Amino acid sequence: MQFNSPEEEYIYLKERMAALCDRQGWGDPFSYARAKEIHAAIELGHTVAPTLSGADAFDEDGNALEYKSTSGRDD
């Protein structure tokens, strides 16, 4: 696919990502750190959790998993 600008490509990719996540029941990828959680679950072979609250994903045994998808300083 050809794009006339980086902005056009960005809009296309954002819309595709939102549609994919909606179709898969993964929630809004642009809400907080959800995209990082979805990416981690896919890379690790886990099942993406269907909601933003609670577990981020589930392992092969159905155990709830929480990823550290944000970071902060502990000064």
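## Helix 1

Helix 1 covers residues 6-24, 19 residues in total. From first C-alpha to last it reaches 27 Å, close to the 27 Å expected at 1.5 Å a residue. That expected span is 1.5 Å times one less than the number of residues in the helix. Just after helix 1, Gly-25 takes a positive phi of about 75°.

The model is predicted: local features need pLDDT of at least 70, side-chain atom pairs count only at pLDDT 80 or more, and totals for chains, interfaces and linings use all residues. Residues are numbered from 1 along each chain as its sequence is written, and side-chain values use heavy atoms, with hydrogens and water left out.

## Overall layout

The protein has two helices and three strands. Both kinds are DSSP runs, numbered from the N terminus: helices are H or I with at least four residues, strands are E with at least two. The order from the N terminus is α-α-β-β-β. The radius of gyration is 15 Å, well over the 11 Å that the globule rule gives for 75 residues, so the protein is more spread out than a compact globule. The radius is taken over C-alpha atoms, and the rule is 2.2 Å times the number of residues to the power 0.38.

Along the principal axes, the C-alpha atoms fill a box of roughly 45 × 35 × 20 Å. Buried residues make up 24% of the 75. Buried means under 20% relative accessible area, exposed over 50%, and partly exposed in between (1.4 Å probe, protein chains only).

## Around Cys-21

Cys-21 lies in helix 1. Its relative accessible area is 3%, so Cys-21 is buried. Leaving out residues up to four places away in sequence, Cys-21 touches Trp-26, Gly-27, Pro-29 and Ile-38. Contact here means heavy atoms within 4.5 Å. Pro-50 is 29 residues from Cys-21 along the chain, and their C-alpha atoms are separated by 9.9 Å.

## Rings and a charge

A search of the whole structure finds one aromatic pair. Phe-3 and Tyr-12 form it, tilted, at 5.3 Å centre to centre with 50° between the planes. Rings of Phe, Tyr and Trp (its six-membered ring) pair if their centres lie within 6.5 Å; planes under 30 degrees apart count as stacked, over 60 as edge-to-face and the rest as tilted. Phe-3 is partly exposed at 25% relative accessible area. Tyr-12 is partly exposed too, at 29%.

The charged end of Lys-14 sits over the ring of Phe-30, 4.8 Å from its centre. This requires NZ of Lys or CZ of Arg within 6 Å of the ring centre and within 35 degrees of the ring normal.
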